[in-house]
Amino acid sequence: MRVMISLRPMRADEYSAYLDYFIPDYAAEIAANYHLSPVESRLQALREIDEDLPQGVETSGQVLLCIIDSISVDDSLVGYFWYRPDIPARSIHISDFHIFAAHQGKGYGKEALAALELGLSKTGFTQIKLRVAEDNKRAKHVYDVSGFRVTGVNMSKAIG
């Protein structure tokens with residue numbers, strides 16, 4: 001299967017669909033990695049999204065992109081990027097990267113990262129940073145084959 005990806009800014013009318021995916025997905029990650037209840041995890045995910053994206057797609061210092069299958073007849077939406085640029089460091093930090101389940105395992109992830117890298121390099125960025133959950137084997141594989149390397153390990157311990 002041939003894949004051709006394009007990236008475009010997320011529109012305001014697409015933001016609620018993004019949250020419909022992101023909140024449950026992120027809450028599940030919080031629950032799995034920090035051993036919080038489903039209710040606590042969802043509340044934390046909601047709190048963090050409100051803090052990080054208070055104006056949604058218009059939030060200054062944050063970039064939300066739609067990943068588009070450019071070969072499809074209708075330019076199908078296949079996933080999302082959310083990143084924060086650090087202009088002085090000429091780097092970005094990916095906060096979220098998601099390919100919809102129906103499109104996983106078909107090369108969309110690798111192509112989306114390549115498209116992001118190409119676009120960023122044309123505007124002077126020199127580094128992409130991210131954090132990936134330890135149990136997310138699929139994502140780790142995509143990052144590995146795309147040339148990312150481990151630069152540290154996040155750790156956590158519940159106290160009290």
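Is His103 buried or exposed? At 19% relative accessibility, His103 counts as buried, where buried means under 20% relative accessible area, exposed over 50% and partly exposed in between (1.4 Å probe, protein chains only). The structure is a predicted model, in which local features need pLDDT of at least 70, side-chain atom pairs count only at pLDDT 80 or more, and totals for chains, interfaces and linings use all residues. Residues are numbered from 1 along each chain as its sequence is written, and side-chain values use heavy atoms, with hydrogens and water left out.

His103 sits in the loop between strand 4 (91–99) and helix 3. Helices (H or I, at least four residues) and strands (E, at least two) are DSSP runs, numbered from the N terminus. Leaving out residues up to four places away in sequence, His103 touches Leu77, Val78 and Tyr108. Contact here means heavy atoms within 4.5 Å.

Strand 4 also holds Ile92. Ile92 counts as buried, because its relative accessibility is 1%. Neighbours within four places in sequence aside, Ile92 is in contact with Tyr83, Arg84, Pro85, Asp86, Leu116, Leu120, Phe125, Gln127, Ile128 and Lys129. Ile92 and Met4 are 88 residues apart along the chain. Their C-alpha atoms are separated by 23 Å.

Helix packing was examined next. Two packed helices are described by the angle between their axes and the distance between the axes. Axes are lines fitted to C-alpha atoms, for helices over the stretch in contact, and angles run from 0 to 180 degrees between N-to-C directions. Helix 1 (residues 15–34) and helix 2 (residues 38–52) pack at an angle of about 130°. Their axes are 8 Å apart. Helix 1 and helix 2 are therefore oblique to each other. Angles under 35 degrees count as roughly parallel, over 145 as roughly antiparallel, 65 to 115 as roughly perpendicular and the rest as oblique. Helix 1 passes helix 2 in a right-handed crossing. A crossing is right-handed if the near helix is turned clockwise from the far one by less than a right angle, and left-handed if anticlockwise.

On the helix 1 side, the contact is made by Tyr15, Leu19, Phe22, Ile23, Pro24, Tyr26, Ala27, Ile30 and Ala31. Helix 2 contributes Ser41, Arg42, Gln44, Ala45, Leu46, Glu48 and Ile49. By class, this contact has 12 nonpolar, two polar and two charged residues. Ala, Val, Leu, Ile, Met, Phe, Trp, Tyr, Cys and Pro count as nonpolar, Asp, Glu, Lys and Arg as charged, and the others, Gly among them, as polar.

Gln44 lies in helix 2. Residues up to four places away in sequence not counted, Gln44 touches Ile30 and Leu36. Gln44 and Tyr26 are 18 residues apart in sequence. In space, they are 9.2 Å apart, C-alpha to C-alpha.

Helix 3 (residues 108–122) and helix 4 (residues 137–145) form another packed pair, at an angle of about 50°. Here the axes are 10 Å apart. Helix 3 and helix 4 are therefore oblique to each other. The crossing of helix 3 past helix 4 is right-handed. Helix 3 makes the contact through Gly109, Lys110 and Leu113, and helix 4 through Val142, Tyr143 and Val145. The contact residues divide into four nonpolar, one polar and one charged.

A pair of aromatic rings is described by the distance of the centres and the angle of the planes. Rings of Phe, Tyr and Trp (its six-membered ring) pair if their centres lie within 6.5 Å; planes under 30 degrees apart count as stacked, over 60 as edge-to-face and the rest as tilted. By this rule the count comes to 12 aromatic pairs. Tyr21 and Tyr80 form a stacked pair, 5.9 Å centre to centre, with 20° between the planes. This pair links distant parts of the chain, 59 residues apart. Tyr21 is in helix 1 and Tyr80 in strand 3 (residues 76–86). Tyr21 counts as buried at 13% relative accessibility, and Tyr80 counts as buried at 3%. Ring pairs link Tyr15, Tyr18, Tyr21, Phe22, Tyr26, Tyr80, Trp82 and Phe100 into a cluster.

His35 is placed in the loop between helix 1 and helix 2, and is exposed, with a relative accessible area of 70%. Arg90 is found in the loop between strand 3 and strand 4. Arg90 is partly exposed, with a relative accessible area of 44%.
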